[in-house]
Amino acid sequence: MSKTLLASCGFMLASMNGCASDLPPIQPVSHVDLTRFMGSWYVIATIPTRFEKNAYNAVETYTLQSDGNVYTAFRFNNGSFSAPEKKIHSLGIVKANTGNAVWGVQLFWPLRAQYIVAYLSQDYSETIVARDARDYTWIMARTPNVSPHDYVILINKVKALGYDISKIRNVPQQWSNGSDDPVGVK
């Protein structure tokens, strides 16, 4: 069994823990224009899953499929900027009647992890993905860095969702090609 498959299995099992919560369900944004949401998102900060706890240059890339589902490619360097790149592929299955803001992310059939777009800036430059279990969250942006002001606002939004922000890890981003586009990621 490959390391990627083992990591994926571990993520799915970990994702299923702690699904019960005393907090109310997270309210998704009212609507996500999937076409605008597609493309690359830099992971700025996260309460990480086990396999991404040492991620550098983490980027999540979404591609809308003809059936309305979302092909997801997550890539990162594990442990340092120079570490070998790891890739994890999954399928985002958009839940009906949610304004495209709630997905089930499937790494392997039949299990799906919850994916809620809990915040999305009007210009689609920043987003927060959350889960009702408040075990994992991702703050992402279209650029590898956000302003300190925006970062504080995003962290406060995560806190308002009911997360323990002491668990948040800033994800280091550094691109050798000198641009905001990671090499080979579109």
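**Strand S5.** I started with strand S5, residues 102-108, in this predicted model. Is S5 mostly covered or mostly open? Mostly covered: six of its seven residues come out as buried.

Next I looked up its partners. On one side I found strand S4 (residues 85-94), which runs antiparallel to S5 and is joined to it by four bridges. Gly 92 is the residue I noted opposite Val 105 of S5. S5 also pairs with strand S6 (residues 111-120), again antiparallel, over five bridges. There I jotted down Val 102, which faces Ile 116 in S6.

**Thr 46.** Then I went to strand S1 (residues 39-47), where Thr 46 sits. I get a relative accessible area of 1% for Thr 46, so I call it buried, the cut-off being under 20%. Which side chain does the Thr 46 side chain make a polar contact with? That of Trp 138, at 3.4 Å. Skipping neighbours within four places in sequence, I listed its contacts: Thr 46 touches Glu 52, Thr 137, Trp 138, Lys 167, Ile 168, Arg 169 and Val 171.

**Ala 58.** My last stop was Ala 58 in strand S2 (residues 55-64). Its relative accessibility is 1%, so Ala 58 goes down as buried too. Beyond residues up to four places away in sequence, I see Ala 58 touching Trp 41, Tyr 42 and Val 43, then Phe 74, Arg 75 and Phe 76, and also Val 171 and Gln 173. I checked one C-alpha distance as well: Ala 58 to Met 140 is 9.7 Å, with the two 82 residues apart along the chain. Val 171 is on my contact list for Thr 46 and on the one for Ala 58.

Methods:
Residues numbered from 1 in each chain as written. Predicted model: local features only at pLDDT ≥ 70, side-chain atom pairs only at ≥ 80, totals over all residues. Heavy atoms only, no water. Helix = DSSP H or I, 4+ residues; strand = E, 2+ residues; numbered from the N terminus. Buried < 20%, exposed > 50% of the residue type's maximum accessible area, 1.4 Å probe, protein only. Polar contact = N/O pair within 3.5 Å; in protein donor to acceptor, adjacent residues only side chain to side chain. Contact = heavy atoms within 4.5 Å. Pairing = 2+ DSSP bridges.
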